[in-house]
Amino acid sequence: MHNYVFPAKAAYRLVQITDCHLLAEHDGIYRDCQPAVHLQAILAQLQLSPPDALILTGDLTQDHTLGSYQLLAQLCQELSCPVFVLPGNHDDLAMLAQLQQQPPFQRAESLSLGEWQLFLLNTKGATPAGEFAEDRQSALAQQFAKSQAKQFWLFCHHHPQPLGCFIDKHGLRDQQTFWPWLLREPKIKGLAHGHAHLAYHKVAQGIDIVGCPASSVQFLASDDWQTVNAGPQWCEWYFAAAGQVSWQFKRL
């Protein structure tokens, strides 16, 4: 597992962007919005106030083309912070690996920030639903055991618990083993995800779950698939080296 260690400081500001759904064309349209235009607007804001890192939590592409990833690389090339990526159900692992070879992208599965260690979980499966099967859980548990950090936070693409709407059929599978595994590690304080195109926060058995809004379009919490173009959205995270955490949903 590749671990990225940040320089020591009192607090860290990280930005989470998810579900970009880029097409190969800059002016391409997805669900009545232009995803590249939305993403470019967010990145312009980040250039004015650079974070310590950017985490992209999946579904970076909509049309599954190399051109969409090249467009992402072009949009991010002026960023001065490291960029970390997680695959979503739409993403291609080989193309993501190519992307991670270009600055400012970095390959890492965990990030060390003071007393915090953030783990970036690959929940991509064979279907649109998420998978984090027992072999992945066991491998990560070994990393937990090796870590000297006092607190853990997890980032992934798929939502780990039902939301009571249509997206649940594409949620994280393996929940019967995932949640008992999660609860065995007292250092885990929370989990952030994308996929649902929905900003929310809830606490499940003492663990914070935070859904990041999409940079493209938001999904309505309905029984059928409905979307709304509410402008570019993302989430900003604040991890204090001493152990505090907070977050804020942002929109343009």
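**Notebook: helices, sheet and hairpins**

I began with helix α1 (residues 35-48), which lies across β2, β3 and β13 (233-240) and runs at about 170 degrees to β2. The model is a predicted one.

Next I looked up the sheet under that helix's strands. I found an open sheet of 5 strands with mixed pairing, in the order β4-β3-β2-β13-β14. Its edges are β4 (83-86) and β14 (245-251), each of which pairs on one side only.

**Whole chain**

I counted 5 helices and 14 strands in the chain. The C-alpha trace spans about 45 × 40 × 30 Å along its principal axes. I compared the radius of gyration with the rule for a compact globule: 252 residues would give a value near 18 Å, and the chain has 17 Å, so the two agree. Of the 252 residues, 55% are buried. Among contacts with a separation of 6 or more, I noted that 69% are between residues 24 or more positions apart.

I then turned to β6 (residues 116-120), where 5 of 5 residues are buried.

With β7 (residues 151-155), β6 pairs in the parallel sense over 5 bridges. In that pair, F119 stands opposite L154 in β7.

**A second hairpin**

I also looked at β9 (residues 200-204) and β10 (residues 207-211), which run antiparallel and are joined by 5 bridges. H201 has V210 in β10 as its bridge partner. The hairpin of β9 and β10 has 2 residues between the strands, and Q205 takes a positive phi near 50 degrees.

**Helices α4 and α5**

I looked up the packing of α4 (residues 134-146) against α5 (residues 175-183): the angle is about 10 degrees and the axes are 10 Å apart. Angles under 35 degrees count as roughly parallel, which means that α4 is roughly parallel to α5. On the α4 side, I listed E134, Q137, L140, A141 and F144 in the contact, and on the α5 side T177, F178 and W181. By class, this contact has 5 nonpolar, 2 polar and 1 charged residues.

**Residue Q143**

Last, I checked Q143, which is found in helix α4. With a relative accessible area of 21%, Q143 is partly exposed; the cut-off for buried is under 20%. Leaving out residues up to four places away in sequence, Q143 touches M1 and F119. Q143 and F132 are 11 residues apart along the chain, and I read a C-alpha separation of 15 Å for them.

How values were computed:
Residues are numbered from 1 along each chain as its sequence is written. This is a predicted model: local features need pLDDT of at least 70, side-chain atom pairs count only at pLDDT 80 or more; totals for chains, interfaces and linings use all residues. Side-chain values use heavy atoms; hydrogens and water are left out. Axes are lines fitted to C-alpha atoms, for helices over the stretch in contact, and angles run from 0 to 180 degrees between N-to-C directions. Helices (H or I, at least four residues) and strands (E, at least two) are DSSP runs, numbered from the N terminus. Angles under 35 degrees count as roughly parallel, over 145 as roughly antiparallel, 65 to 115 as roughly perpendicular and the rest as oblique. Contact means heavy atoms within 4.5 Å. Ala, Val, Leu, Ile, Met, Phe, Trp, Tyr, Cys and Pro count as nonpolar, Asp, Glu, Lys and Arg as charged, and the others, Gly among them, as polar. Two strands pair if DSSP finds at least two bridges between them. The radius of gyration is taken over C-alpha atoms; the globule rule is 2.2 Å times the number of residues to the power 0.38. Buried means under 20% relative accessible area, exposed over 50%, partly exposed in between (1.4 Å probe, protein chains only).
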